[in-house]
Amino acid sequence: MQTIGLVGGMSWESSAVYYRDLNLGVQKRLGGLSSPRLVLSTVDFAELTDLEDGQRWPQIGELLADAARGVERAGADFLLLCTTTFHKVADQVEAAVGIPLIHLADVVAEACQAQGVTKVGFIGTKVAMEDGFFIDRLAQHGVTAIVPAQEHHDWLNAAIYEELVHGHVLDRTRRRVVSIVEELWDAGAAGVLLGCTELELLIKQADVDLPVFPCTSLHVEAALDRALG
């Protein structure tokens with residue numbers, strides 16, 4: 001079994017999901033008392049979000065690169081960033097280490113292709129929806145992503161940072177996100193990407209008619225495939 005390296009803390013709710021699901025996944029695949037070999041380094045989310053507000057992405061990249069180097073020194077064989085938004089600096093992080101980084105967009109695009117879906121709705125933080133770093137990476141694999149109407153962006157960002165990262169899962173927020181998914185369906189999406197780990201706390205497949213691609217769950221499965229393959 002290879003050792004999985006995680007850079008987390010963005011938010012700790014996200015890291016907890018990764019840790020839990022990796023353990024559940026190994027238990028399901030191997031049975032008994034099996035659990036994964038993991039190295040986890042978490043960063044101060046407040047520090048990163050302050051830098052994000054100031055558009056200081058090179059500094060964010062260096063902070064995450066430093067965490068990744070620590071994970072590598074601790075024996076990780078490959079690396080995951082437990083976040084969608086901060087994949088904006090994934091190239092900087094990957095360049096700082098000598099171990100492979102499993103890029104979330106590559107994993108998600110492969111899952112879309114496996115289901116024959118080439119146009120998806122993408123819901124996440126404002127940065128993730130408005131900056132091209134994730135959507136452009138999907139496009140390299142032939143998957144087109146469309147985002148909600150501009151009027152929803154600030155509200156979605158607030159729901160993530162003011163509710164979900166604190167573990168507050170509210171029915172009224174779920175209802176509005178479901179309505180946003182329906183708008184994306186009307187716009188031609190054949191599936192929806194939950195492009196923020198915390199959104200998976202809120203939206204399940206049973207909530208919407210479109211196929212849901214839960215980015216974190218797909219990331220976890222890719223990590224398990226590599227660690228156990």
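Rings of Phe, Tyr and Trp (its six-membered ring) are taken to pair if their centres lie within 6.5 Å, with planes under 30 degrees apart counted as stacked, over 60 as edge-to-face and the rest as tilted. The structure is a predicted model, in which local features need pLDDT of at least 70 and side-chain atom pairs count only at pLDDT 80 or more, whereas totals for chains, interfaces and linings use all residues. Residues are numbered from 1 along each chain as its sequence is written, and side-chain values use heavy atoms, with hydrogens and water left out.

Under the ring criterion, five aromatic pairs are counted. In one of them, the ring centres of Phe122 and Phe134 are 5.3 Å apart and the planes meet at 15 degrees, so the pair is stacked. Phe122 belongs to strand E4 (residues 119-123) and Phe134 to helix H7 (residues 132-139), so this pair ties together parts that are twelve residues apart in sequence; helices (H or I, at least four residues) and strands (E, at least two) are DSSP runs numbered from the N terminus. The rings of Phe133 and Phe134 have centres 6.4 Å apart and planes at 80 degrees, so this pair is edge-to-face. Burial is assigned by relative accessible area, with buried meaning under 20%, exposed over 50% and partly exposed in between (1.4 Å probe, protein chains only). Phe122 is buried at 0%, Phe134 is buried at 0%, and Phe133 is buried at 15%.

Ring pairs also link Phe45, Trp57, Phe86 and Tyr161 into a cluster. A charge is placed over a ring if NZ of Lys or CZ of Arg is within 6 Å of the ring centre and within 35 degrees of the ring normal. Lys88 lies over the face of Trp57, at 5.3 Å from the ring centre, and Arg176 lies over the face of Trp155, at 4.3 Å from the ring centre.

A nonpolar core is defined as a set of buried Ala, Val, Leu, Ile, Met, Phe, Trp, Tyr and Cys residues joined through side-chain atoms within 4.5 Å. The largest such core has 66 residues, and those with the most contacts inside it are Val7, Leu64, Leu79, Ile123, Leu138 and Leu193. With neighbours within four places in sequence left aside, Leu64 is in contact (heavy atoms within 4.5 Å) with Val7, Met10, Val43, Leu48, Phe86, Val89 and Val93. A second, separate core comprises 15 residues, including Ile4, Leu22, Leu80 and Ala227.

Three strands form an open, parallel sheet in the order E2-E1-E3, where strands pair if DSSP finds at least two bridges between them. The twist averages 20 degrees from one strand to the next. E1 and E3 run parallel and are joined by four bridges, and Val7 has Leu81 in E3 as its bridge partner. Helix H3 packs on the sheet, touching E1, E2 and E3, and its direction makes about 150 degrees with that of E1; axes are lines fitted to C-alpha atoms, for helices over the stretch in contact, and angles run from 0 to 180 degrees between N-to-C directions.

Two backbone features were also identified. The peptide bond from Met10 to Ser11 is cis, with omega near 0 degrees. Gln55 has a positive phi of about 60 degrees although it is not a glycine, and this residue is exposed, with a relative accessible area of 54%.
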